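Student: Please show me how a residue's contacts and its surroundings should be read, beginning with the structure itself.

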Amino acid sequence: MDPIQQAMLKKSHAAKLERRGKLISLFCISLIVVVVLAIFFFVASRGLATFFTNKVNLWRFLSQTTWSPAVKDASGQPQVGALPMIVGSFGVTLLSAVIATPFAVGAAIFMTEIAPNLGKKVLQPVIELLVGIPSVVYGFIGLSVVVPFIRNIFGGTGFGILAGTFVLFVMILPTVTSMTVDALKAVPRHYREASLALGGTRWQTISRVVLRAAMPGILTGIVFGMARAFGEALAVQMVIGNAALLPTNLISPASTLTSVLTSGIGNTVMGSLENNALWSLALLLLLMSLAFNLLIRWIAKKGEIK
Amino acid sequence: MKKLLGFLALCGLLVLTACGSGAGRGESITAVGSSALQPLVEAAAEQYQSENTGVFINVQGGGSGTGLSQIQEGAVQIGNSDLFAEQQAHIDASKLQDHRVAVVGITPIANRNVGVKDLTVVQLRRLFTGEITNWKQVGGNDLPVVVINRTQGSGTRATFERWVLGDRQAKPAQEQDSSGMVRSIVASTPGAVSYVAFSYVDKTVRSLSLAGVQPTDANVTTNAWPIWSYEHMYTKGKATGLTKRFLTYMLSDEVQGELVKAMGYIPISKMTVTRDADGNVQAN
């Protein structure tokens, strides 16, 4: 064989390198997939044990309001009603998203449309700094500032959904803001130019063209914020009061799925009903974050700029 | 890229060897469980390690339930618990060996402005079951009662409920997962009432006496103050090796005489009564 043909048939150095790179990245992704699947399997096997091994009725789990897994009620059924926690979790999540959204959109418009220079140099770093603050710090500030504030204004103990909402509002604001900023920046320049050329004012351009075009991105940001709020444990646990009671108002102590999990898991014995019931709550959390993810994908698909 | 990969591999190798040599040098045991007992075991372990080189005693919290389940599974050498293993469901107490290292007294505490210093056991029970909703019903100021509980399954809560509530159920209320948090919330919330170990009581809250009996160490040793529990260190079967030596050290005069007192616990040797898992009290 002549040397040229030989060289052509042999794998080149570059091809080998590429093959190696492929293998390494394949290994990395399969590791992540295995970890995710393992977590799902573990949480599901523990969480479903409540219903299959301990024979708790799923509907009772979702609709009853008494959470006291160690105690059986008059009919001999364990009291594992998760409704107060479900209501608490959705309550703080939705309320904080509702409050945070106008602020986030307003701030993002200011940063991209009104004062892009100031936004880039000052506001962007500040927002990024806020993202990096650990949740325990937010919780601590909530405990020492927000809770006494609410107690003095509204009475009661100060612990409750309102305090949780305030803390989560500050926590998700930077997430929603920075994602909204990205969405607004992604709106093509010629959209704005066309609007202005047609005689639209800046306000008309922003409200009717830029915001409209960026809507899917903004919605994605809001859902991301909600997912973060839903999964936040420590900061909420510190200010919500952790009472497994159906909240009657915004300043009565309540609890969330995460707060019951973090405070209860250390005091239960693995394999017991008390422990399994907590895993069921964890499973519920996992399914909810899955739902948030699907929602984000759906929004992104629906709202693609064509 | 190649250099980076090589560097990462080297780092991994270093970490692995560091771990290996750490475990290979000397003996090490792990004690897990009760957060009420944790400070004492940590302090004792630190002293013991400074006196005996080459041993390592790893102390972790996690709660009494964790301590008992981990020792039952044999995952650790010592399981710390505020409760008798017999009291905890799903634990086979016959396989565990009990080592009582200290006694902890638990006292009800209230916010300083409730206007009450003394309650009967029945009044206290009614506060926590929700039958009394205002402090003026027990002779205090006109303030709504705000009950703060520890998390379900906490050793402190189990002890308090056993000796105050009996077989009654506490009404659902706020729950906190540490005594420190309970104290700061009771201190700052008007009308709040809760319970903590003696060592957590300070000037910011008011501890309540029960029918004239003050919550003091002396009253606990005679069982005149009934709300107390042993601090247990459980081993699976007989303790051996370092575990045995450390448990002996926990019961030595060095720990019992100074450390136990200094950290707010009551030495086991001071008790003039013995109480078993079913709550029967016998004079020593």
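Student: Which residues does A:Val239 touch, not counting residues up to four places away in sequence?

Tutor: Two residues are in contact if their C-beta atoms, placed from the backbone, lie within 7 Å. In this predicted model, local features need pLDDT of at least 70, side-chain atom pairs count only at pLDDT 80 or more, and totals for chains, interfaces and linings use all residues. Residues are numbered from 1 along each chain as written, with chains lettered from A and ligands numbered from 1 in the order in which they are written. With that exclusion, A:Val239 touches A:Gly139, A:Gly142, A:Leu143, A:Val146, A:Val147, A:Phe159, A:Ala163, A:Gly164 and A:Val167.

Student: Which residues touch the most other members of the largest nonpolar core?

Tutor: In soluble globular proteins, nonpolar side chains tend to be buried together. A nonpolar core is a set of buried Ala, Val, Leu, Ile, Met, Phe, Trp, Tyr and Cys residues joined through C-beta atoms within 7 Å; buried means 20 or more other C-beta atoms within 10 Å of a residue's own, exposed 12 or fewer, and partly exposed in between. Among the 134 residues of the core here, they are A:Ala163, A:Val167, A:Ile172, A:Val239 and B:Ala31.

Student: What is the bridge partner of B:Ala31 in strand 3 of chain B?

Tutor: The partner is B:Ile78. Strands pair if DSSP finds at least two bridges between them; strand 1 (residues 27-33) and strand 3 of chain B are parallel, with 3 bridges.

Key:
Helices (H or I, at least four residues) and strands (E, at least two) are DSSP runs, numbered from the N terminus.
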